[in-house]
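Dear colleague,

I am passing on the structure below, together with an account of what was found in it. Please read the notes alongside the coordinates.

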Amino acid sequence: MSELKSRLLPVPSIRGGSGVSSAGMPSTSNPAKGSSSDWVQMLNNGFAFALLALAACWLLLFDELRGEWEINEQYNFGWVVPVLGAALLYQRWPDRPSANPPSSNLPVMIVAGALLFLTLPFRIIIEANPEWRMVYWLHAGQVIGLSCCLLYRLGGWNWVKFFIPSFLFMLIAIPWPMGLETALIQGLMKFVAGLTVEAAGWLSIPAVQRGNLIEVGVGVVGIDEACSGVNSLQAALMISLFLGEMHRFGFKGRIGLLVGSILFVIAANLTRTTFLVWAAANHGLKQMEAWHDAAGWMVMVVVLAGMFVLANCTKPRNVAQTAGSREKPIPFGEIPRWVGMAVLGWLGLVLVVTEGWYRVHEKNLPPRQSWAVAWPTENPEFKTTNIPEKSLAILRCSKSEAAVWLDDENNQWSGFLLRWEPGRNSAQLAKGHSPEICFPAAGVKIAEDFGTIPVKAHGIELPFRHMTFENGSTLLHVFYCLWSDRNSSDSRPILEDGSQASRIQAVLAGKRNLGQQVLELVVQGPESRETAIALLQEKLPQLIKPL
């Protein structure tokens with residue numbers, strides 16, 4: 001009840017001259033007038049400009065993240081995170097502790113200035129590497145640091161410790177590092193697939209696990225999720241963190257909610273995959289596909305409803321309010337107005353410099369040789385194939401081609417070409433479809449990564465990343481080439497292997513928003529790396545045609 005009352009109590013009135021209010025509470029005789037005067041005061045002093053500048057810093061970060069929110073359905077929930085974070089800050093506001101600003105402003109200004117300077121390199125780097133998740137996290141740390149500087153400047157360490165959980169909640173919208181995400185998501189998918197196979201056995205349905213896919217007599221269940229993972233996992237984690245902060249759970253309570261969210265996800269997805277296996281075995285793959293999306297939505301509804309019920313049943317009954325929270329007003333007038341205005345001006349300058357950097361360099365970027373794939377259509381064993389529609393929806397490529405065939409030496413080939421026209425997320429989308437992400441999801445084990453090798457065809461040197469995978473007793477040689485439409489100004493090829501060196505090269509060369517295409521060739525037959533490379537060097541001129 002005390003928690004409910006604290007949320008319903010209005011923000012205390014703060015008078016312009018003395019900075020005090022009667023009994024630390026707003027006047028009940030004319031609350032509307034008092035509230036209006038407070039807002040007018042906030043809009044006419046340095047606090048409002050400082051708050052606006054901090055909001056602009058967060059908006060720049062969210063603008064960088066929106067690419068992931070748009071194309072990666074695992075992070076579609078990111079659009080609501082800023083709103084929920086603002087709601088958590090608003091909820092904490094009435095219970096803020098008494099302000100105890102530092103006696104000297106110089107140290108916090110030095111720290112804030114250093115953090116603000118980092119906005120420029122972060123923005124320039126992200127512009128050329130919109131999928132570089134490490135920079136996301138570094139930029140988020142910088143913005144949280146700026147938030148702490150403003151909190152410390154206004155209310156001292158009491159305010160920093162009190163408000164920081166709401167700011168840390170925003171981190172849930174940042175994509176996980178790719179290695180961690182792949183390991184956890186694919187590991188969870190395989191675990192659920194294994195449990196589903198056991199459950200299918202109890203239902204007398206013969207089923208075999210292939211990675212995170214399940215094969216039954218009529219076909220494969222879950223193949224469309226080979227590259228996407230469990231969409232409900234991140235959403236459940238977001239909800240658990242939000243509810244833990246909203247109800248002011250302690251550390252153990254928040255850990256309990258996180259564990260509960262994972263258990264809910266496992267249980268709900270186990271039920272879903274078991275239902276889909278049953279549907280496929282008894283009604284066919286076509287009917288299973290018809291029920292697939294509805295089953296996915298049911299999982300999300302059950303998981304979210306379960307999290308709300310769990311949080312409501314375990315939330316603390318009494319949340320202690322901080323004494324004196326309504327006795328001391330915010331020191332509105334202590335922040336010079338020019339501080340916030342200077343920060344806003346700096347952020348505008350960052351955007352102008354970033355745009356200027358790339359526009360100047362893009363004028364000097366010569367186009368690279370264009371090429372297309374010449375599929376061996378005259379081969380009697382040649383067959384065109386289709387990439388699943390849901391995979392294309394995730395990849396959002398402008399063009400896709402796929403085929404399989406046998407060569408004269410009886411080596412089995414498969415390949416696909418994906419094309420992205422120039423745009424904000426072309427590099428991100430192209431690099432998001434790589435062998436080490438998608439092959440293990442289909443039950444194929446990575447054997448070795450040999451790095452990048454150059455292969456020439458018609459005078460064009462294509463950089464292919466060579467990897468081998470084990471599919472049971474079969475060895476697969478995978479050659480993956482990512483090709484940008486433009487080169488560096490000095491005509492030297494820029495690395496496209498996703499390494500840190502290649503990312504920095506792209507920044508220095510001013511490459512961004514360029515068209516990309518991916519060619520992936522899979523060869524089954526060669527027993528050694530040398531044999532596979534020699535075979536690629538021999539066949540590639542027949543598969544590539546300059547444009």
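Among contacts in the chain between residues at least 6 apart in sequence, 74% join residues at least 24 apart, where contact means heavy atoms within 4.5 Å. Please keep in mind that this is a predicted model, in which local features need pLDDT of at least 70 and side-chain atom pairs count only at pLDDT 80 or more, while totals for chains, interfaces and linings use all residues. Residues are numbered from 1 along each chain as its sequence is written, and side-chain values use heavy atoms, with hydrogens and water left out.

The chain holds 18 helices and 12 strands, these being DSSP runs numbered from the N terminus (helices are H or I with at least four residues, strands are E with at least two). Of its 547 residues, 50% are buried, a term that stands for under 20% relative accessible area, with exposed meaning over 50% and partly exposed in between (1.4 Å probe, protein chains only).

Strands first. Strand E7, residues 412-420, is mostly covered, since 7 of its 9 residues are buried. On one side of the pairing list is strand E6 (residues 399-406), which runs antiparallel to E7 and is joined to it by 8 bridges; two strands are taken to pair if DSSP finds at least two bridges between them. In this pairing Glu401 stands opposite Leu417 of E7, and the hairpin of E6 and E7 has 5 residues between the strands, with Asn410 taking a positive phi near 70°. E7 also pairs with strand E11 (residues 516-524), again in the antiparallel sense and over 9 bridges, and here Leu418 stands opposite Val518 in E11. In a regular strand the side chains alternate between the two faces of the sheet.

Next, the charged side chains. The count comes to 15 salt bridges, each defined as a side-chain nitrogen of Lys or Arg within 4 Å of a carboxyl oxygen of Asp or Glu. One of them links Lys399 to Glu401 at 3.0 Å, N to O, and Lys399 is partly exposed, with a relative accessible area of 43%. Another joins Glu355 to Arg359 at 2.7 Å, N to O; these two residues lie 4 apart in helix H13 (residues 337-362) and so are separated by about one helical turn. Glu355 is partly exposed at 29% relative accessible area, whereas Arg359 is exposed at 52%.

Glu70 and Arg66 also form a salt bridge, with their closest N and O atoms 3.6 Å apart, and because they are 4 residues apart in helix H3 (residues 46-71), about one helical turn separates them. Both ends are partly exposed, Glu70 at 28% and Arg66 at 30%. These residues belong to a network of salt bridges that links Asp63, Glu64, Arg66, Glu70 and Arg123.

Finally, a helix pair. The axes of helix H4 (residues 81-92) and helix H8 (residues 157-169) come within 8 Å and cross at roughly 170°, the axes being lines fitted to C-alpha atoms over the stretch in contact and the angles running from 0 to 180 degrees between N-to-C directions. H4 and H8 are therefore roughly antiparallel to each other, the label for angles over 145 degrees. The contact is made by Val81, Leu84, Gly85, Leu88, Leu89 and Arg92 of H4 together with Phe162, Phe163, Pro165, Ser166, Phe167 and Phe169 of H8.

With best regards

Notes: Angles under 35 degrees count as roughly parallel, over 145 as roughly antiparallel, 65 to 115 as roughly perpendicular and the rest as oblique.
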